[in-house]
Amino acid sequence: MNSIILSNGVRMPNMGIGTNWMKYKELKTVMEAGFSAGFRAIDTARDYGNEPVVGQVFHDILKESGGKYRREDFFLTTKIGNGQQIRGKIGEEIDRSLKNLKTDYIDLWLMHWPYPGYYERTWHEMEKVYESGKVRAIGVANYDVRHFERLLSSGVGTVPMVNQFEYHPLRTAGNLVGYMRSKGIRIQSYAPLCRLVTPLRESQFLKDLCQKYNKSLGQIILRWHVQQGDDMPVFKSYRPSRFAENIDVFDFSLTEDEFEQISSLNQDYKYHIESVNCPGY
């Protein structure tokens, strides 16, 4: 798998496994399938309610592999939620995540939401954790330009290295992506296939691309993501076979015109509405 270089030189794989809400048995099945297919990045969060489950599954797979898989070969992302921001003991929260995930470092630690009244203070505390070496990189999630501008005006020492947000051909977020690229902030895209909603499934142009390249609709859209060079799509699936299919996007390239036509499908459509999870967003 190719990688994306963050602003501090850390390498982030350009595709990741989502784990939200999954339980041990189902998660172990899909993570084993994902690792076998070549995935080396895992995404979780405190507020997914299963951070300890992710840690146990990861620990067990590494142990059972007999040395085939090593911790240092994987890129582990977790997030600090709104409740933890309100409590304010940010240094203690990373220690809890490290314990939950059974590891002595996190590759990428994200602030899950720009929670109003708290996110600037939270970031400054996250910077201290980053300086301690417990996390290799820090970033944010669900930020828009206005959140970045307010955060950066608060006198940060480290610009967020990543922003995880909903990003797909129906929501290309031109202003946000342009701003992020001007600051060297990389993309982690969630809902990267937008659940293959009707406008994607019924697009004749996408159907034609599937036929041209002998690829599935999901593979065409994931190729659109990874071809950007700074975009790491994170997807969740309960179907083990999906991982081998979705990683099989590195043997073809979209033309510049095809890439632009996929981007032109933009409707500023969101599958997930931020204000549901972040009041005052």
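Select tyrosine 281. This residue is buried, because its relative accessible area is 18% and the cut-off for buried is under 20%. The model on screen is predicted, and every value in this tour is computed from that model.

The structure holds 18 aromatic pairs. Tryptophan 113 and tyrosine 281 form an aromatic pair with 6.5 Å from centre to centre and 90° between the planes, which is edge-to-face. Which parts of the chain does the pair tie together? Tryptophan 113 sits in the loop between strand 6 and helix 5, while tyrosine 281 belongs to the segment after helix 13 (274-277), so the pair ties together parts that are 168 residues apart in sequence.

Select tyrosine 119 and tyrosine 143 next. Tyrosine 119 counts as buried at 5% relative accessibility, and tyrosine 143 is buried with a relative accessible area of 1%. The two form an edge-to-face aromatic pair, with 5.6 Å centre to centre and 75° between the planes. This pair links distant parts of the chain: tyrosine 119 is in helix 5 and tyrosine 143 is in the loop between strand 7 and helix 6, 24 residues apart.

For one more stop among the aromatic residues, select Phe35, Phe58, Tyr69 and Phe74. These residues form one aromatic cluster.

**The parallel strands**

Colour strand 6 (residues 108-111) and strand 7 (residues 138-141). Strand 6 pairs with strand 7 over three bridges, in the parallel sense.

Are its faces covered or open? Both faces are covered: Ile138 and Val140 on one side are buried, and so are Gly139 and Ala141 on the other.

Strand 7 and strand 8 pair in the parallel sense over two bridges. For alanine 141, the bridge partner in strand 8 is glutamine 164. Trace the chain between these strands as well: strand 7, helix 6 (residues 145-152) and strand 8 make a right-handed β-α-β unit. How many residues of strand 8 are buried? Five of its five residues are buried.

Select asparagine 163 in strand 8. Valine 140 stands opposite asparagine 163. Asparagine 163 also has isoleucine 187 as its bridge partner in strand 9. Colour the whole of strand 9 (residues 186-190): five bridges join strand 8 to strand 9, and the two run parallel. The path from strand 8 to strand 9 goes through helix 7 (residues 174-183), in a right-handed β-α-β crossover.

To find its centre, select Asn20, Ala191, Arg195, Lys236 and His272, the closest to the centre among the 31 residues that line the pocket. Now select strand 10 (231-235) and helix 11 (241-246). Each of these elements supplies at least two residues of the lining of the largest pocket. Which element gives the largest share of this lining? Helix 11 does, with three residues. Coloured by residue type, the lining of the largest pocket divides into 12 nonpolar, 12 polar and seven charged residues.

Move on to the second largest pocket, with a volume of about 190 Å³. Of the 13 residues that line the second largest pocket, select Arg11, Pro13, Glu72, Asp73 and Phe75, which are the closest to its centre. The lining of the second largest pocket is made up of five nonpolar, two polar and six charged residues.

Note on methods
Residues numbered from 1 in each chain as written. Predicted model: local features only at pLDDT ≥ 70, side-chain atom pairs only at ≥ 80, totals over all residues. Heavy atoms only, no water. Buried < 20%, exposed > 50% of the residue type's maximum accessible area, 1.4 Å probe, protein only. Helix = DSSP H or I, 4+ residues; strand = E, 2+ residues; numbered from the N terminus. Pairing = 2+ DSSP bridges. Right-handed = clockwise from strand over helix to strand, strands pointing away. 1 Å grid on protein atoms, 1.4 Å probe; cavity = no way out; pocket = protein on both sides within 12 Å on 5 of 7 lines; lining within 4 Å. Nonpolar A, V, L, I, M, F, W, Y, C, P; charged D, E, K, R; others polar. Points joined across faces, edges and corners; volume = space filled by probe spheres on them. Phe/Tyr/Trp six-rings, centres within 6.5 Å; stacked < 30°, edge-to-face > 60°.
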